[in-house]
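Please open the model in your viewer and keep the selection tool at hand. The tour below goes from stop to stop, saying what to select and what is found there.

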Amino acid sequence: MDEQLKLMDQVTSAAIEMGIQFGPRLLVATLILIAGFFAARWAGRALVRAVAKFKLEPPVVALVERAAQLLVLGLFVIMALQNLGVELLPLIAGLGIAGAGVALAMQGVLGNMVAGLTIIFSRPFRVGDYISIVKEEGEVLEIKLFSTTLGHSDLSRVVIPNRKIVGEILHNFGMIKQLKIGMGVASPADVPRALAAVNDVLGRQPRVLKDPAPVFAVSSVVDNGIRINVGPWVAGADTGLVEGELYHALIEEFRARQIDLGLHRELRLVNGSVTPTGTR
């Protein structure tokens, strides 16, 4: 029993001595970290205000703010460790070895980060542009360090890893896109009325841009009539919606003006074989 009491006294004495020796240092280190947290936030906001005049892209601004915060916070962490008496050289060497192992294990993540930095600083596209890449297309909603998000007209989103973008063929339509719509006319005599109908329909569509002006003209002569290509310009985000609306409006307008679309063909049986002879 006496031995247990002596052991407890020794433990208590050792704890008190350590508290007296390291308590003030630990308190100071904690205060340093708290001050570093607020200083990092202040430095990030100050740097964002300073670079506002350069009109940088939002991802670049966010990256600059985060880098400034990490740098300032890292300096305060070093100060706190030094106050506790931690030897920094062995710690840095250990972190270097650990960092090499983490880098090997996270090659894909690091590849996305490097690709994200390439996109952010080279700026092949911006938020709001309509792009087509790796068999996907849509409006650029967000550019992050590791991925890029595209939005579709059906309100779905596609998240593409940045390493899948860099090095691929990229089609950037900008903020607008030209649609490619084809309409058929059975009789050459109806072509002037058909072109007038197309012009009227495009003029009534609020989603069709007036500048640049829509393009439409006779493009080719086919078996069942004449083909008219219609190329209106629309906002990239409206691509899917406007295409369906225009097809419906053009068909209804052609029907109202009694313009034959040339969708029906006459078939004759000649010597046992079916032969198309033209429109009905």
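Begin by selecting Arg123, which is found in the loop between helix H4 (107–122) and E1, in what is a predicted model. Although Arg123 is not a glycine, its phi is positive, at about 55°, and with a relative accessible area of 38% the residue is partly exposed. Most residues other than glycine have a negative phi.

Now select the whole sheet, an open one of five strands in the order E4-E3-E2-E1-E5, with antiparallel pairing. Its edge strands are E4 (157–161) and E5 (171–174), each of which pairs on one side only, and the twist from one strand to the next averages 40°.

Next, go to Gln258, in the loop between helix H6 (239–256) and strand E11 (265–270). Gln258 also is not a glycine and has a positive phi of about 55°, and because its relative accessibility is 68%, with exposed meaning over 50%, Gln258 counts as exposed.

For the following stop, select Asp211 and Pro212, whose connecting peptide bond is cis, with omega near 5°. Pro212 lies in the loop between helix H5 (191–204) and strand E8 (215–222).

Finally, turn to helix H1 (residues 2–51), where Ile34 has its place. Together with Leu27, Leu31, Phe37 and Phe38, Ile34 forms a nonpolar patch on the surface with about 520 Å² of accessible area in total, and Ile34 itself is partly exposed, at 42% relative accessible area.

Conventions:
Residues numbered from 1 in each chain as written. Predicted model: local features only at pLDDT ≥ 70, side-chain atom pairs only at ≥ 80, totals over all residues. Heavy atoms only, no water. Pairing = 2+ DSSP bridges. Helix = DSSP H or I, 4+ residues; strand = E, 2+ residues; numbered from the N terminus. Axes fitted to C-alpha atoms, helices over the stretch in contact; angles between N-to-C directions. Patch = residues over 30% accessible without salt bridge, like charges linked within 9 Å, V, L, I, M, F, W, Y side chains within 5 Å. Areas by Shrake-Rupley, 256 points an atom, 1.4 Å probe, with all protein chains shown as cover. Salt bridge = Lys/Arg side-chain N within 4 Å of Asp/Glu carboxyl O. Buried < 20%, exposed > 50% of the residue type's maximum accessible area, 1.4 Å probe, protein only.
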